[in-house]
Amino acid sequence: MIILGRAAHGLEANAVYIWNNAARIDRQTKEFCVIKRILIACCIAVSHTAPVLAQSFSLELNGGKVLAEVDKAEFAPSAGELRAAFYLQPQVALEVYAGAGAGSATDLDLDYKVNYFAGGALRLESPLRNDTQAFFLLGYGVSDINLNRSGTGQPGDETFDGPTYGGGLEISPFRNKHLRLNVTVRRYYGDNGIDLDYGSVGFRVLFD
Amino acid sequence: MNKVEGYRTTRQVFLLWCLSIWLVACGGGGQDAFKDAVAVNELNVIAIDVQSDNSVIEVGMLENYRALGTVQDDPGNPIDVTSRVRWSTSNSAVASINQAGILTGRTAGMVAVRAEWADLNDSKELEVSNALLQSITIGDIPARISECGNGYQLSATGNYDDGSSRVITDDVIWTTSQLTLASIDRDGVLATFGDGAVDLIATRNDLSGTAVEGRSSVTIEDNLNDIAVSPVNPTLAVGADRSFVATGSYTNDADRVITDSVTWSSDDANVLTISNEVGARGFAEAQAVGSATVRAECDPSEDFANDESLVTVVTPATVNAVEINGGVAEVEVDLSDGDVQLEAYLKLSDGSTGDRVTDSDDISWAVVATISGTGAEVSDVSGSKGLVSFTATGITEIRARYDSDTLGPFTDTIEVEVR
């Protein structure tokens, strides 16, 4: 555990170094700004939570639909996501996630594609019955979207970041507490006419 | 880990998470680009065109820029997208432009004025000049200016100390030396009310604030012979309106519509009102039953420079009947003709014909009797109401009954003879 903690602190120092150097390279690029901050945020988080990671963690693979809006235009590409949760308490976990989506076209001659989304969230669980629980997510994430107008390639890739939140229900099939099935609805971005929601069905495995 | 340590750790992680969120936050971006792309495709715009009235302006002057979008399905009718595009200039020290497309010239120089909307863009060169205005020339003065005339479009050309000149019609203050005889609106359009000599004046300050005046003397001819008001003696129903037109006849000029140059009046505003408002001159509205005289007058000093029309205002006609095929009693068709369509119209109390109601929801069609031979059938189904079909000769009486929430019931019958 001590070794893990030291390694994480080393990562943090490296991240600060990367940030400072990266800032010199290009302070104007917003996407780079997001990436470098996520990098350092993750390193800090991992380094400080390392001592408690040994409690338990889980891995989840899910798939679903992105429900996106850009003003009046609506898109619904399919997407998939991988989530890892590190439990701090029996019902409290810190999650990191990353996912990607397919393309989606509309009759407005616009192609919409989720290049990736990634972020982290605090996961709070509330048991309902022995094999069922509700959970809530509150975090921060980044979504990289490509919009292609009439085949022009414009406006292209844009990165949106902001608070994320959501929740869902989870069951333990076969009465196996290590295997979970869940349905989740999350808002990954919503501001000024640009919305990105994600509804998914996921399979989660818990490790003690 | 005991319970207390667990809570402490959770609290630390939560605070750490808040810090992480602060670190990650870089603000929004790209929203406008995405929304513009959607808007461009929503309106089906394939190109934009930057337009302005002038390619040269003086330092300190404003210039309105417009952006027109070419619509793919209707390229001949571009739409105004001025407020949607993003305006910029190549050198904001020379000229700046706001998002409403209003440009301000700041210092002398050349700039490109650019409009962008999604990946569409266009630009136009503009010169901001610090040349001093020296004189103004009034142009496009008609060879003949008739009294009680209007629509004479004048122009003003500014002459500058660097030898250049340009049209500044919209940038000068227009007036005349005798406003009782003639006036000029802000767009440089001259209107005359009487005859005589008058000076046309265009004024503008130069960059130093000194007023520069252009002046041109003209003579308004005394050549109006007569004014004719139309329609002549119309009848209007209470609540109805009508636009009157005044036409001037001239000795040595063509007849011209002078509706906007005459003064309109009604001798009984309780019965009929008539407008002298710009853009609505000659527009009359019937107020009550009675009669009123509408008068159009140009030059009060001349007896012939006016005309009148007596307007009778009556009670509005009301619907009092429904008629099949114009009220005829019988319609004859050959057996070989196939189906025949009957038509029903409302009739008004003044004898005029109102709306077609053949297929109205408020009308019902039915066969009343078979008078001889084999009877015909009439449709009462929406979309084909009044359609008569038959398979053999005979005479059939058909009825239409109109009954709406506010009118009726009215009925009419017709005999359809199939030979």
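## Backbone, sheet and core

Guide: We start with a cysteine. B:Cys148 has 26 C-beta neighbours inside 10 Å and counts as buried. This is a predicted model.

Visitor: Where is B:Cys148 found, and what is its phi?

Guide: B:Cys148 sits in the loop between E11 and strand E12 (152–153) of chain B. The residue is not a glycine, yet its phi is positive. The value is near 60°.

Visitor: Is B:Asp140 buried, partly exposed or exposed?

Guide: B:Asp140 is placed in the loop between strand E10 (133–139) and strand E11 (145–146) of chain B. Its phi is also positive, near 60°, in a residue other than glycine. Within 10 Å there are 13 other C-beta atoms, and a residue is exposed at 12 or fewer and buried at 20 or more. B:Asp140 is therefore partly exposed.

Visitor: What confidence does the predictor give chain B, and what are the ipTM and pTM of the model?

Guide: In chain B, 91% of the residues reach a pLDDT of 70 or more, and the mean pLDDT of the chain is 89. Where pLDDT is low, the predicted coordinates should not be read in detail. For the model, ipTM is 0.72 and pTM is 0.57.

Visitor: Which strands stand at the edges of the open sheet of 4 strands in chain B?

Guide: The order of this sheet is E31-E39-E38-E35, with mixed pairing. Each edge strand has a single partner strand, so one side of it is left without a neighbour in the sheet. Those strands are E31 (330–333) and E35 (363–373) of chain B.

Visitor: How are neighbouring strands of this sheet turned against each other on average?

Guide: The angle is taken with direction ignored. It averages 25°.

Visitor: What is the bridge partner of B:Val331 in E39(B)?

Guide: E31(B) and strand E39 (residues 410–418) of chain B run parallel and are joined by 4 bridges. The partner of B:Val331 in E39(B) is B:Val416.

Visitor: What separates the C-alpha atoms of B:Gly327 and B:Thr413?

Guide: B:Gly327 lies in the loop between strand E30 (319–324) and E31 of chain B. With 13 C-beta neighbours inside 10 Å, B:Gly327 counts as partly exposed. Along the chain, B:Gly327 and B:Thr413 are 86 residues apart. Their C-alpha atoms are separated by 8.6 Å.

Visitor: What is omega for the cis peptide bond from B:Gly408 to B:Pro409, and what is omega for the cis bond that joins B:Ser230 and B:Pro231?

Guide: B:Pro409 is in the loop between strand E38 (394–402) and E39 of chain B. B:Pro231 belongs to the loop between strand E20 (224–230) and strand E21 (235–237) of chain B. Omega is near 10° for the bond from B:Gly408 to B:Pro409. For B:Ser230 and B:Pro231, omega is about 0°.

Visitor: Which residues have the most contacts inside the largest nonpolar core?

Guide: That core has 46 residues, and its largest share, 5 residues, comes from strand E6 (residues 110–129) of chain A. Not counting residues up to four places away in sequence, B:Trp117 touches residues including B:Val40, B:Ile48, B:Val81 and B:Val85. The residues with the most contacts inside the core are B:Ile48 and B:Trp117.

Visitor: How many residues does the second, separate core have?

Guide: Among its members are B:Trp174, B:Ile184, B:Leu200 and B:Phe244. The second core has 39 residues.

Note on methods. Residues numbered from 1 in each chain as written. Chains lettered and ligands numbered in written order. Predicted model: local features only at pLDDT ≥ 70, side-chain atom pairs only at ≥ 80, totals over all residues. pLDDT = per-residue confidence, 0-100. Pairing = 2+ DSSP bridges. Helix = DSSP H or I, 4+ residues; strand = E, 2+ residues; numbered from the N terminus. Axes fitted to C-alpha atoms, helices over the stretch in contact; angles between N-to-C directions. Core = buried A, V, L, I, M, F, W, Y, C linked by C-beta atoms within 7 Å. Contact = placed C-beta atoms within 7 Å.
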